[in-house]
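Student: I am new to this structure and would be grateful for a close look at a single part of it. Please take me through that part in one connected account.

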Amino acid sequence: MNPSPTGDAGERPTDGTHRQPAGVVRETRRALHARRRELGRLAGWSAAESLPALLSGYLVAGAVDQGFLAGRFGTGLAWLGVLALAVLVGAAATGRVYRALGAVVEPFRDDLAARVVRGALHTATTGAARPESAAVARLTQQVEVVRDAFGGLLMVVRGFLFAAASALLGLVALAPLVAALVAAPMLAGLAVFAAGLPAMVAHQRCYVRTGEALGEAAATALAGHRDVLACGAQDRVVAEVGTRIAAQAAAERTVARMTALRSLSLGLGGWAPLAVLMLAASWLVERGVTAGAVLGALVYVSTGLQPALRSLVQGVGGGGLRYVVTLERILRTSPPDPAGHTPVPPPPLPAAGEPVPTAGPPGRRPGPDDSPDPPPDGTPALRVHRLTFRYGPRARPVLADFSLTLAPGEHLAVVGPSGAGKSTLAALASGLVRPEAGQVEIAGTPVDAVALDRLARSRVLVPQEAYVFSGTLAANLRYLCPDADDAALVAALSALGARPLADRLGGLDAPVVPTALSAGERQVIAAVRAWLAPAPLAILDEATCHLDPAAEALVEEAFARRPGTLVVIAHRITSALRADRVLVLDGDQPMLGEHRELLARSATYRELVGYWDDLSTAPPQAGSPARSGPA
């Protein structure tokens, strides 16, 4: 391990220019266009909410000029009563505004979360790069930042547009000259703010990037602390992490200083109109503007324009910058769905009373798209051709120029010492990891040329750490075969010796709590689920390591009887004894053959047999005691 935290410095721009966030604009436009109807409702309720802003100054001017200054106290109160009714209408509309806002924002947040998860899984399964801890920050922090900022932006922008438009219309209705005096400084403030936005975006981008680099550097240092101590690199690592901390603190201070520009914009656009109105009051009165109109103009500016401009400057200058930079980060690191749409959910279970197919494994029949077309006669079930794979550009190859061919229906066991590449071979053969060189074919089709949904129907992989989700036992078992009826599930449980476990849990409809199951029980449920799958190739990657030898034999024998090809990454040598052929992985010289042949040809296999021999299944080697244990 290199004790130096690397962060993400390689992604930093070096030309000093401000990049135009075209992807952010395009993604935002797409999200808004997809929810046009919801936006229409939001605009409608916003118009109703802005009714007080439209009428307030005009009604105040009427109350003063035609009521209180004219000695008609009741008339003035009537004008103010109309204003009170407008306020009630606006308050009622505010609740509807937030409901309409949620209909726009929440689906956008869900789309981003799916995109981040899809990108993280793609990175983790392609083998193109090491898994990155920054993906966790994108999912748990950055997506929520974008969600909150997107909602805030919609609120402040539509609030400013409706409030400013209402106030300006009211000012024009009162006195066009007053409207011109107010609009000039307001536009100047907006121009100053718009001119400073590129610099604000650049500084906010630097702030987000330095924060993520700090998290990556700290995670790297913590993960490799033993190596750091062993290399005596504590001072170097502390210094480099300290540099990341200083950079992040400096970026945060710079972002804080940008508030001065926002204050200048607000002063010009929000406070200057008030000062202009008060200084020009006598001049306006001399030109026929009534005292009520001047007071109404002050109401428009102080209760409409100024709060709306303050919300816009603070919202865009704070949340808006976070939105642009954080969404830009997500879009750059999380690729879109290559198909251009959201994943299709699994097919529904058959409704009660529907006929259930009964071929294949007992009680089930694949549907029309349930499994790939059968390969032509003579096509290998699995072909690995000149495969090379390593976990880093300078690492020793785990597999080098490796080839393997399995016929349909063949049963292969893979054995070898720990770290020899058994699980790596399983991941490569199942298409979860891409090789550095060479090709993997399932039923004559390269795995990298097959859509993911078809690949999932071509092979089933059961890993050592079995996944069981919260839900009923039947839902867990049907996950890979949604059309299996209860009779098929019971037959599968019986075939793999899992009926006692099902009875103990309470039957097929009993809820399953993963944390309440032992590792062996989870492996049994995962094995039954895989046995029901229509995939013609099954790969068990130490999938029975937590079972006792008798239970393991029952599971493997059930899979051997199952139609299709079976690859078992062996945990005990008894798995090799049950296979048609055995592959021994040991460094640069993999060896393939039958059990007796390998006993004669492979010293590694003889050693593994000595370590794994079980008195209940095989006689001990002459001159050496029988021993058992994991690979």
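Student: Which residues of the largest nonpolar core touch the most other members?

Tutor: The model is a predicted one. Its largest nonpolar core has 59 residues, and those that touch the most other members are Phe108, Leu171, Val178, Leu305, Tyr323 and Leu327. Several helices each supply at least two residues of this core: helix H1 (22–34), helix H4 (73–126), H5, helix H6 (176–223), helix H9 (259–279) and H11. The most comes from H11, which gives 18 residues. As a general background, nonpolar side chains in soluble globular proteins tend to be buried together.

If neighbours within four places in sequence are left aside, tyrosine 323 is in contact with Val24, Thr28, Phe108, Val146, Ala149, Phe150, Leu153 and Glu328. Two of these partners return when the rings are considered, for ring pairs link Phe108, Phe150 and Tyr323 into a cluster.

The structure holds six aromatic pairs. One of them joins phenylalanine 150 to tyrosine 323; it is stacked, with 5.7 Å from centre to centre and 20 degrees between the planes. Phenylalanine 150 belongs to helix H5 (residues 134–174) and tyrosine 323 to helix H11 (residues 291–333), so this pair ties together parts that are 173 residues apart in sequence. Both phenylalanine 150 and tyrosine 323 are buried.

Phenylalanine 389 counts as buried because its relative accessibility is 4%, under the cut-off of 20%. Tyrosine 391, in turn, is exposed because its relative accessible area is 60%, over the cut-off of 50%.

Helix H18 (residues 519–532) consists of 14 residues and reaches 20 Å from its first C-alpha to its last, close to the 20 Å expected at 1.5 Å a residue. H18 is mostly covered, with twelve of its 14 residues buried.

Terms used. Residues numbered from 1 in each chain as written. Predicted model: local features only at pLDDT ≥ 70, side-chain atom pairs only at ≥ 80, totals over all residues. Heavy atoms only, no water. Phe/Tyr/Trp six-rings, centres within 6.5 Å; stacked < 30°, edge-to-face > 60°. Helix = DSSP H or I, 4+ residues; strand = E, 2+ residues; numbered from the N terminus. Buried < 20%, exposed > 50% of the residue type's maximum accessible area, 1.4 Å probe, protein only. Core = buried A, V, L, I, M, F, W, Y, C linked by side-chain atoms within 4.5 Å. Contact = heavy atoms within 4.5 Å. Expected span 1.5 Å × (residues − 1).
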